[in-house]
Amino acid sequence: MVFAAGLGTRLKPLTDTMPKALVPVGGQPLLWHVIMKLKVAGFERIVVNVHHFAQQIIDYLDANRNFGLDIRISDEREGLLETGGGIKKALPLFDQASPILIHNVDILSNIDLAQVMQTSETTPDALLLVSQRKTKRYLLFADDMHLKGWTNIETGQVRSPYSWLSEESSLHDSSTLFTPFPSEARQPVAFHTSLQKLAFSGIHVIWPSVFPLFSEMPDRFGIIDFYLKYCHQFAFVGHEQKDLQLMDVGKLDTLHEAEQFLNNLQ
């Protein structure tokens, strides 16, 4: 599934007349880059959700005969459903016995998507691609890379279904929750030394074992809310790619660097 429904407000004024998915990088729309990456990896069915200038995306896919793939549209023109709600609405368009890879339309990377889909001896319920990069919000993982929670390092907020994590963090005020580091002015003190703080890439895989859980969620919600609600009951596992090259082309300043980034990936 390709998330292409967003308003693209950070790419204004370009997105005043076109959807973010059709903003060109290196001579081709962002949507083209993601679809080609999926096609090379062997994916045959793709669902694209649409909202902002939805018809432009539909017309673009029609004009290119869906690039020889089974591409289906999940129409959110009546209202944006966020990342979790978007998956919930699109679920009937997928094979209910197969895992689903979800990919933000504005992410460029060197990730081997075919390799991502090859599960280990124990199949997780969800696999989240993460990396050690600087951001404000991080996912918290145990040594075995099972998701335990989420934190915002600017506000000190911690969210987790595990009482030992949420309660311990609440014992600290903002002056003790953070400690200065040369590379990052405000970084949370580890609640437990085994927890790893990693940034979410916007690429993840969900397995059919969790499909029924989406019926318990509202129509509109963020996928991180979903992961945090059920991570104590299901195996939501982080996957860190050490040689990861990833770029979020969601802002105008990164857009100017994106073409060079693509050239360096080749």
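**Exercise 1: a linked set of charges**

Asp 70 and Arg 72 form a salt bridge, with their closest N and O atoms 3.0 Å apart. A salt bridge here is a side-chain nitrogen of Lys or Arg within 4 Å of a carboxyl oxygen of Asp or Glu. The model is predicted: local features need pLDDT of at least 70, side-chain atom pairs count only at pLDDT 80 or more, and totals for chains, interfaces and linings use all residues. Residues are numbered from 1 along each chain as its sequence is written, and side-chain values use heavy atoms, with hydrogens and water left out.

Task: find which residues are linked with Asp 70 and Arg 72 in a network of salt bridges.

Solution. 
- Step 1. Asp 70 also pairs with Arg 45 through a salt bridge of 3.4 Å, N to O.
- Step 2. Arg 45 sits in strand S4 (residues 45-50) and Asp 70 in strand S5 (residues 70-75), so this pair ties together parts 25 residues apart in sequence. Strands (E, at least two residues) are DSSP runs, numbered from the N terminus.
- Step 3. The network therefore links Arg 45, Asp 70 and Arg 72.
- Step 4. Check accessibility. Buried means under 20% relative accessible area, exposed over 50%, and partly exposed in between (1.4 Å probe, protein chains only). Arg 45 is partly exposed at 33%. Asp 70 is partly exposed at 30%. Arg 72 is partly exposed at 28%.

**Exercise 2: a pair across the sequence**

Task: state how many residues apart in sequence are the parts that Lys 20 and Asp 106 tie together, and whether the two residues are buried or exposed.

Solution. 
- Step 1. The side chains of Lys 20 and Asp 106 meet in a salt bridge of 3.1 Å, N to O.
- Step 2. Lys 20 lies in the loop between strand S1 (2-3) and strand S2 (24-25), and Asp 106 in the loop between strand S6 (100-104) and strand S7 (107-109), so the parts tied together are 86 residues apart.
- Step 3. Both Lys 20 and Asp 106 are buried.
- Step 4. By the salt-bridge rule, the count comes to ten.

Definitions and conventions:
Helices (H or I, at least four residues) and strands (E, at least two) are DSSP runs, numbered from the N terminus.
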